[in-house]
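Subject: the two-chain model, with notes

Hi,

Here is the structure I promised to pass on. Have it open while you read, and my notes follow below.

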There are 2 protein chains.
Amino acid sequence: MKVVALSGGVGGAKILLGLYRILPPGSLTAIVNVADDFEWHGLHISPDLDTALYALAGLSDYGRGWGIAGDTFNMLEALRLLGEPSWFAVGDRDLATHILRTRWLAEGLSLSEVTARFTDRLRIAATILPATNETLRTWIRHPGGVMAFQEYFVLNRWQTEVEGVEFQGSGCDPTPGVLQAIEQSDLFVVGPSNPVVSIWPILHVKGVRDAIYSLRSARVGISPIVGGSAVSGPAGKLLKALGYQVSAAGVAQFYSGLLTHFVIHRTDTDLVGRIESLGMRVLATDIIMGSLESKARLAEEILQWVLN
Amino acid sequence: MKVVALSGGVGGAKILLGLYRILPPGSLTAIVNVADDFEWHGLHISPDLDTALYALAGLSDYGRGWGIAGDTFNMLEALRLLGEPSWFAVGDRDLATHILRTRWLAEGLSLSEVTARFTDRLRIAATILPATNETLRTWIRHPGGVMAFQEYFVLNRWQTEVEGVEFQGSGCDPTPGVLQAIEQSDLFVVGPSNPVVSIWPILHVKGVRDAIYSLRSARVGISPIVGGSAVSGPAGKLLKALGYQVSAAGVAQFYSGLLTHFVIHRTDTDLVGRIESLGMRVLATDIIMGSLESKARLAEEILQWVLN
C-alpha cells in the first residue's frame, strides 16, 4: 500500500500527519513544494519542507501551524536589536534546521539528500521529497511589478493586490524518486494546501502532471476552502485573482481533469452537483483538522471511501 | 587622550570595560585577538571580538564571562537532537552576531568592517579592531600532533598535554588603523588575557611588535596570574608548557622588553623585586575585577599611576 501526497505547508501537513498516523511505516511519500524557499541572512529556508518534517516528527506547533512547538525567538530579538529586519519569524530551535541544511547544501548535498538526512535523524518512517532539487520560485505579480513569495506572504501579510503568479524555473527536473513514487502509488492525494502557490508549482515540475494523468488509481483532493473562504492563508484571494470562484467548487475547477475524487466540508453539500459535473466523485465530511485525532479520522475516512 | 589595549577574551574584556567606563567617548581602541576564530556549522565565530563587543555594549554575562547575559541555548539543544555535536555552546542571542558576521563577510566586507558595523549598531563609543583581517590561527602542539584551539580549549577543557603552540598566518598584515593606533597612543595596555594564546598571536601580526617597541609612552601589562594560578583559563598550563614560571613574574618575563609597567595582585608583593629587575615598574593592587566597579577602579588606578 503506497500513498503519495502533494503538500505545501500548514494545510497539507495536516493530512500528511493524518495519513502517517494510520498507514504502516514506510507507506507514505510526501512530495513537497519548494517554490516558497528563500535565502534569509545567508541561510537556506524551506518553509514547506520544514512544516512537513516537523509535523511527521511530532515537533509541530499545532496551534500556530508552523515552526516547532514551544520554540523561542531570542535570536530574532537579538537580530532586531542589531538593527536588522525581523519580519520573518525564525524560532531558535527551528534555526538549527536552517543552519544544518545550509551547511549540508554548501558541502554539496542536494536538497533531497539533505531532506532524507533530516527524515532519518528525526526517525520519520516516511519519504519526504522536495518536488525538485533545482531552483523553482513563486513570484507574485502585482500592479507595481513582481515580488518574492515571502515578501507577499509574510511581510505584506497577503494584502498586496495580486494580478497573477509566475514560476521561475518552471519545467525543472523532479528530484529522483518523484515520478516513480507517483506512478507506483495505490492512492494519490492532493492535500488541502493553497492550490495556486503550494500545489501549482509542483505541477510545473517536468513530468509530474503527466505522471498524475497516467495514474489508474484514485486521485483525491481535499478542499482548502470551506464556504467562501480559506481555512487559512491567502488561497481565497489567489484563486479569485486567477478568476476562480472562492469555494470548494472553484478549487475542484482548478484541479479539473487532474483528480478523480474530491473531499469537501460537510456544510458545502450544495456544491456536490457542480463538482460531480467536473467528473469527480465527492465526499462531504468534516475537513477541519484541528486535532491530531481529526487528522487521522479524515485520512481513515478517505482511505475507506476511495479504496473500498 | 588615546588609550590602546590588546585583548583576548574574558580577562582582557574586563579591563577594556573598566577603561571604557572612565575614559571620554572615543578614547579607547581595543586590538583584539582573532587566532581563536573558527568556523562552526558554516558560521564564522570570533569569540574574542564577541566578548569585547558584548562587554562594551553592556550585554555580557559577567558571571559566566562569555556570551550574552540571560541567553538561552535552544538552537544548540535542537542541533543536539538532530544528532550534531554540541560541545561549543552558542547561545540563541549570540547566534544573531555569528549569522550577521558570516553574511557580511560573504558579502565581501572585511572582518574589521564587520566589527565596525557591530560597534556602530551596538552604539559602542570605542574602536574595536581585529588584529588582522587575514587568517591567523592558533594550533596546539601535543604528543599526538596538533589540534585547533577550540578543540583544545572547549572540547578538551585544556586537559591535553601541550608541547607548544603554532601560529598559522604568522606575519600577516594588521588591519588598517592598528599600527597607527599603537603609534599615537598616550597609554598602551596589555590586558590580563592569556599571554600565550591571546596576546602572543597579536604580537605575530606584522609591525605590531615594532610599533610597541617604538612607543615612548607607558606600556602597561596586567597579570592574568595571581599566586601560582591563572584567574581563569589555561594561562598557567600554557606558560608552564613554554618553560615560564606560573606566576606574575613568569608573565612579566614573557613580556620582558615589551612593557615598561606591570600590575600584579596585592598578595604577590614578594615578586616586585624580580619584576623590577626585568626593567619594569610594578604596581601591586587588587586585580580581581569581579564587579563593574572594580573594573573601573583598576582602570582609574592604572591611569593615575602611569600618567601622573
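Start with one pair of side chains: A:R121 and B:E84 meet in a salt bridge, 2.4 Å from N to O. (By salt bridge I mean a side-chain nitrogen of Lys or Arg within 4 Å of a carboxyl oxygen of Asp or Glu.) As a general point, side chains of opposite charge can pair when their charged atoms come close.

Before the rest, some ground rules. This is a predicted model, in which local features need pLDDT of at least 70 and side-chain atom pairs count only at pLDDT 80 or more, while totals for chains, interfaces and linings use all residues. Residues are numbered from 1 along each chain as its sequence is written, chains are lettered from A and ligands numbered from 1 in the order in which they are written, and side-chain values use heavy atoms, with hydrogens and water left out.

Where the chains meet

(Helices, H or I with at least four residues, and strands, E with at least two, are DSSP runs numbered from the N terminus.)

Overall, 25 residues of chain B are in contact (heavy atoms within 4.5 Å) with 25 residues of chain A. The two chains bury about 2200 Å² between them, 66% of it on carbon and sulfur atoms. (Buried area is the accessible area, with a 1.4 Å probe, that two parts lose on being put together, summed over both.) In chain B, the residues losing the most area to chain A are B:L82, B:R93 and B:I99, together 27% of what that side buries.

The sheets of chain B

One open sheet has 7 strands in the order β5-β2-β1-β9-β10-β13-β14, with parallel pairing. (Two strands pair if DSSP finds at least two bridges between them.) β5 (127-130) and β14 (281-285) of chain B stand at the edges with a single partner strand each, so one side of each has no neighbour in the sheet. From one strand to the next, the twist averages 20°. (Axes are lines fitted to C-alpha atoms, for helices over the stretch in contact, and angles run from 0 to 180 degrees between N-to-C directions.) Within this sheet, β9 (187-190) and β10 (218-222) of chain B run parallel and are joined by 4 bridges; B:L187 has B:A218 in β10(B) as its bridge partner.

Two helices to look at here:
- α1 (10-22) of chain B packs on the sheet, touching β1 (3-7), β2 (28-32), β9 and β10, with its direction at about 160° to that of β1(B).
- α13 (292-307) of chain B packs on the sheet too, touching β9, β10, β13 (261-265) and β14, with its direction at about 150° to that of β14(B).

Chain B has another open sheet, of 3 strands in the order β7-β6-β8, with antiparallel pairing. Its edge strands are β7 (145-148) and β8 (164-168), each pairing on one side only. Strand β6 (137-142) of chain B pairs with β7(B) over 4 bridges, and B:W139 has B:A148 as its bridge partner there. Helix α8 (195-203) of chain B lies across β6 and β8, at about 35° to β8(B).

And in chain A

Here β6(A) and β7(A) form a hairpin with 2 residues between them.
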